[in-house]
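Dear colleague,

Please find below the structure that I am handing over to you. My notes on it follow directly after.

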Amino acid sequence: MGAEQPETIAAIVAAHRAGTLTPAQTVARTYQRIRDRNDPAIFISLRDESDAVAEAERLAAKDAATLPLYGVPVAVKDNIDALGFPTTAACPAFSYTPAHDSTAVARLRAAGAIIIGKTNLDQFATGLVGVRSPYGIPGNSVRDDLIPGGSSSGSAVAVGAGLVPLSLGTDTAGSGRVPAMLNNIVGLKPSLGMISNTGLVPACRTLDCISVFALTVDDAALALSVVAGPDQADPFSRDRPLQPITPFPQNLRLGVPRNGQLIFFGDKTAEAAYADALTRWTALGADLIEFDLEPFYETARLLYEGPWVAERYLVIKDLLASAPDAIHPVTREITAAGARLTAADTFSALYRLQGLRKIAERTFADIDALVLPTAPTAYTTMQVLANPIELNSRLGTYTNFVNLLDLCGLAVPASMRADGIPFGITLLAPAGRDALLASIGRVFHAETKLSLGAKGVTHPPLAPLAANSGEEIPIAVVGAHLSGMVLNGELTALNARLVEATKTTPDYKLYALNTTPPKPGMLRVGAGKGAAIELEIWALSPSAFGKFVNAIPAPMAIGTLRLADGRSVKGFLVEPEVLGDARDITAYGGWRKYVAEGAKT
């Protein structure tokens with residue numbers, strides 16, 4: 001089974017929906033590839049194949065059109081809870097059995113994904129190298145002697161080697177970006193709080209985020225749309241609605257460091273590869289604007305020289321006290337320093353960080369995104385084992401400052417060096433610009449003509465984007481505003497345009513409210529705990545959108561709805577406190593069917 005097989009998420013889901021490949025066949029292929037790879041260091045725990053195939057077979061009873069990850073095998077970093085697997089954080093003495101899926105994993109399952117195993121990592125997600133685990137060192141998928149990158153080593157290798165098309169990692173200081181570069185894949189580090197951290201073993205709770213590895217930017221963006229969304233169980237969660245991917249913008253302004261500020265630690269090949277990447281950006285029409293990188297370097301130094309090490313210490317302080325030998329010696333050396341930090345140290349660093357954040361804000365006033373090397377160079381496993389802390393630190397040159405400054409990031413392959421080492425660049429922008437990074441990163445990656453991962457798979461042609469509606473703003477309606485319904489005239493009077501009829505993800509319940517005229521109320525519930533509700537998307541001009549939203553009476557509200565194909569859109573929700581005497585009509589799957597059938601009963 002080689003490159004002729006569907007390898008990307010998009011191709012796999014399309015084949016499943018068309019019936020040319022079944023989810024069970026795809027899952028079986030994954031297990032065969034794992035056996036062929038024969039690297040026991042990639043997975044810490046692997047699900048029984050017959051169990052995974054049986055779950056894939058059960059998907060046949062579901063509506064494939066409502067499942068954006070229909071039958072997609074997924075690997076999960078082993079510091080993220082997944083029901084049925086122990087969570088180890090790569091430390092056997094720390095292992096526990098979770099009672100629930102993490103929110104991110106629950107959303108993957110609800111979207112039709114099949115979780116097949118938990119992947120290896122630098123212990124307690126401390127490291128960018130992928131060699132700090134008692135479970136072994138996963139072999140780099142591109143070149144055997146290279147480190148796999150960390151801390152999300154197993155997750156990146158699993159995608160790079162073609163074992164799965166999607167995996168979850170985490171990224172506190174670069175763990176979702178450095179391994180992506182070293183395995184020639186895409187690493188998406190979302191805005192902080194966009195993906196819930198409920199069920200994540202923290203490294204630095206104030207900086208952690210779950211990240212996504214995939215073969216293409218479009219695949220990564222689809223996965224993000226599935227797992228993103230606010231979560232009341234996570235105090236660090238934020239409601240950051242995903243914007244749609246757009247055509248490559250005109251007058252794109254990309255920040256590049258001032259002359260002499262880049263660091264490659266003598267790696268002239270990496271330096272030349274970065275220069276080639278900038279040439280490609282210019283050819284795509286981007287304007288390159290110099291900025292001062294030094295404040296970003298200063299921010300990076302705060303991460304391990306400042307009080308954030310104490311956050312790592314908090315996670316394992318009990319284990320450090322009771323069984324210090326259970327912790328990897330390098331992890332122990334780095335983390336133990338957190339015990340010596342004071343409250344005064346913390347406030348001093350926070351004050352300096354706030355100043356640096358203001359400098360970063362000014363930098364982005366004239367720049368859409370930064371384009372930097374993902375890492376300054378690459379190292380072999382032997383080099384890192386001989387000099388574990390210094391070389392690890394070097395790999396974080398362009399990653400350590402990102403979460404401290406509340407930036408989103410997208411690591412994409414840029415070239416394959418003559419020595420067989422992958423080189424990649426990372427796009428960085430202020431929180432909330434995730435869609436911009438995907439919109440430009442997908443075009444850059446496709447233009448490189450690089451194969452995907454390590455299997456020689458050709459990058460597919462970029463999928464066409466949804467028709468550009470100019471300045472129009474979409475809104476989803478589920479009840480009396482549907483076409484032909486009693487309040488639809490409020491939309492047509494504002495010259496609204498019907499875009500499409502579609503469904504939500506199966507995460508919603510629908511209620512018949514006691515209102516005049518009769519209206520439904522839609523409520524978002526847990527992932528997979530509701531049903532896919534039929535709706536329509538209408539497009540309005542900005543001024544009409546404002547008028548329409550301002551006229552909406554309580555208990556209705558406008559929130560972010562997740563659609564079956566992974567998109568997010570603004571639409572009608574209901575305030576839950578008014579549902580006490582409302583009738584649950586979720587089983588009808590939509591207001592139109594309830595009006596036609598349910599109102600007769």
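In which loop is Ser-151 found? Ser-151 belongs to the loop between strand S3 (114–119) and helix H5 (153–160); helices (H or I, at least four residues) and strands (E, at least two) are DSSP runs, numbered from the N terminus. Please note that this is a predicted model, in which local features need pLDDT of at least 70 and side-chain atom pairs count only at pLDDT 80 or more, while totals for chains, interfaces and linings use all residues. Residues are numbered from 1 along each chain as its sequence is written, and side-chain values use heavy atoms, with hydrogens and water left out.

Backbone

Gly-150 and Ser-151 are joined by a cis peptide bond, with omega at about 0°. Another cis peptide bond links Thr-516 to Pro-517, with omega at about -5°. Pro-517 sits in the loop between strand S16 (508–513) and strand S17 (519–524).

Ala-90, a residue other than glycine, has a positive phi, near 65°. Ala-90 lies in the loop between strand S2 (73–77) and helix H4 (103–110). Its relative accessible area is 0%, so Ala-90 is buried (under 20% relative accessible area; exposed is over 50% and partly exposed in between, with a 1.4 Å probe and protein chains only). Asp-406 likewise has a positive phi, near 60°, and is placed in the loop between helix H14 (388–395) and strand S10 (407–416).

Sheet

Strands S17, S16 and S21 form an open sheet in the order S17-S16-S21, with antiparallel pairing; two strands pair if DSSP finds at least two bridges between them. S17 and strand S21 (583–584) are at the edges with a single partner strand each, so one side of each has no neighbour in the sheet. S16 and S21 are joined by two bridges, and Ala-512 stands opposite Arg-583 in S21.

Pocket

The second largest pocket holds about 1200 Å³ of space. A pocket here is an open set of points on a 1 Å grid over the protein atoms alone, where a 1.4 Å probe fits, with protein on both sides within 12 Å along at least five of seven lines; lining residues have an atom within 4 Å of a point. Grid points are joined across faces, edges and corners, and the volume is the space filled by probe spheres set on the points. This pocket is lined by 39 residues, and the closest to its centre are Asp-507, Val-525, Gly-526, Ala-527 and Gly-528. H4 contributes the most to the lining, with five residues.

Yours sincerely
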